[in-house]
Amino acid sequence: MVHSFYGWYLKCQSDTETLAVIPAVHSAGSERTCSIQIITDHDVWAVTLSGDLFKRSGKTISIGENRFGEKGIHLGIRTPKLTVSGELDFGPLLPLKYDIMGPFAFVPFMECRHSVWSMRHSVTGTVRIGNQKYSFQNASGYWEGDRGRSFPKEYLWTQCFFPEGAVMLSVADIPMAGIRFTGIIGVVLWRGKEYRIATYLGARARRIQNRTVRITQGDLELEARLLEASGRPLKAPADGAMVRTIREGTSCPAFYRFCKNGRPLFAFETDRASFEYEYPYAEDQRNETK
């Protein structure tokens with residue numbers, strides 16, 4: 001029996017508004033369905049559709065009238081409870097130098113695999129959700145994806161734009177070959193340079209505690225801290241079925257610091273971060289290691 005999912009996460013953010021769209025297809029045994037989730041600063045919507053509507057061609061996927069790809073997003077959702085329409089056009093994408101999974105891209109039977117298609121690109125267009133209009137003019141966009149069977153049991157994920165770059169970080173409990181380890185993948189774009197942070201490059205989680213993560217890798221150190229435990233409920237896969245509920249703040253308060261050789265390259269607080277923190281909040285959840 002097939003238990004799998006394949007989905008994308010496309011985030012669009014201006015100085016005043018944030019809109020993220022999550023199209024996905026999922027199979028749990030003989031049942032195959034599609035979903036489109038939309039999350040803004042204040043609301044979240046989810047639509048379930050027939051799995052027969054899903055089509056993929058290269059880096060473009062379609063679910064009925066809805067299309068997602070390198071050129072942008074076209075939305076056409078009409079249900080008794082929700083109407084969504086609009087076009088968002090993307091500028092040139094900013095892909096990574098190589099696969100975010102590194103050598104793990106070739107490891108079979110992984111629970112979840114991650115992709116990053118663009119760390120930053122321009123977004124222009126308008127989306128209407130019911131009577132609400134969301135307009136973007138030369139805004140910022142981010143595009144990633146996941147595929148596999150299930151999201152990790154415990155994990156955190158964050159993404160943020162800032163004036164001289166962007167950051168993305170994922171830290172997760174990874175089961176593999178009868179063992180479990182903390183897997184790390186992340187990228188910092190800073191003044192035109194790509195800094196890769198990953199387990200396969202020697203990255204280690206020195207702290208995962210109180211909504212804070214601190215990662216070291218050689219002479220690099222990255223810290224991300226969720227400052228307010230908030231977020232909207234989203235559906236996530238468990239054995240292919242969208243039955244798990246997670247919470248994401250798509251535009252929430254957070255702090256980031258990135259150091260090289262002990263010297264901060266940047267440190268800032270923002271209220272425009274995206275964050276999912278699916279670790280326990282207990283004070284003694286994980287002690288800091290040296």
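The largest nonpolar core of this predicted model has 31 residues, and among them V171, I215, Y256 and F258 touch the most other members. A nonpolar core is here a set of buried Ala, Val, Leu, Ile, Met, Phe, Trp, Tyr and Cys residues joined through side-chain atoms within 4.5 Å. Buried means under 20% relative accessible area, exposed means over 50%, and partly exposed lies in between, with a 1.4 Å probe and protein chains only. The largest share of this core, six residues, comes from strand β21. Helices (H or I, at least four residues) and strands (E, at least two) are DSSP runs, numbered from the N terminus. In soluble globular proteins, nonpolar side chains tend to be buried together.

Residues are numbered from 1 along each chain as its sequence is written, and side-chain values use heavy atoms, with hydrogens and water left out. Because the model is predicted, local features need pLDDT of at least 70 and side-chain atom pairs count only at pLDDT 80 or more, while totals for chains, interfaces and linings use all residues.

The surroundings of I215 can be listed by contact, which means heavy atoms within 4.5 Å. Neighbours within four places in sequence being left aside, I215 is in contact with L169, V171, I184, I197, A203, R204, A205, L220, E221 and L222.

Aromatic rings were examined next. Rings of Phe, Tyr and Trp (its six-membered ring) pair if their centres lie within 6.5 Å; planes under 30 degrees apart count as stacked, over 60 as edge-to-face and the rest as tilted. The structure holds 17 such aromatic pairs. One of them joins Y195 and F258, with ring centres 5.2 Å apart and planes at 70°, so this pair is edge-to-face. The two residues belong to distant parts of the chain: Y195 is in strand β15 (residues 193-198) and F258 is in strand β20 (residues 241-260), 63 residues apart. Both Y195 and F258 are buried. F258 also pairs with F266, and this second pair is tilted, at 5.7 Å centre to centre and 35° between the planes. F258 counts as buried because its relative accessibility is 0%, and F266 counts as buried because its value is 7%. Ring pairs link F162, W190, Y195, Y256, F258, F266 and F268 into a cluster.

Another ring, that of Y98, has the charged end of R196 over it, 3.9 Å from the ring centre. A charge sits over a ring if NZ of Lys or CZ of Arg is within 6 Å of the ring centre and within 35 degrees of the ring normal.

Strand pairing was assigned from bridges: two strands pair if DSSP finds at least two bridges between them. Strands of a sheet pair through backbone hydrogen bonds, either parallel or antiparallel. Strands β20 and β21 pair in the antiparallel sense over nine bridges, and A254 has T270 in β21 as its bridge partner. The hairpin of β20 and β21 has two residues between the strands, and N261 in this hairpin takes a positive phi near 55°. Strand β21 (residues 263-277) is also joined to strand β12 (residues 155-162) by four bridges, and these two strands run antiparallel. Here T158 stands opposite F275 in β21.

An open sheet is formed by 11 strands in the order β4-β3-β2-β1-β11-β10-β9-β8-β7-β6-β5, with antiparallel pairing. Its edge strands are β4 (44-50) and β5 (54-57), each of which pairs on one side only. Neighbouring strands of this sheet are turned by 20° against each other on average, direction ignored. Axes are lines fitted to C-alpha atoms, for helices over the stretch in contact, and angles run from 0 to 180 degrees between N-to-C directions.

F109 is not a glycine, yet has a positive phi of about 65°. F109 lies in the loop between β9 (83-90) and β10 (112-129) and is exposed, with a relative accessible area of 74%. D239, likewise not a glycine, has a positive phi of about 55°. D239 is placed in the loop between β19 (232-238) and β20, and counts as partly exposed at 47% relative accessibility.

T245 lies in strand β20 and counts as partly exposed at 43% relative accessibility. Residues up to four places away in sequence not being counted, T245 touches P233, L234 and K235. The C-alpha atoms of T245 and M176 are separated by 24 Å, the two residues being 69 residues apart along the chain.
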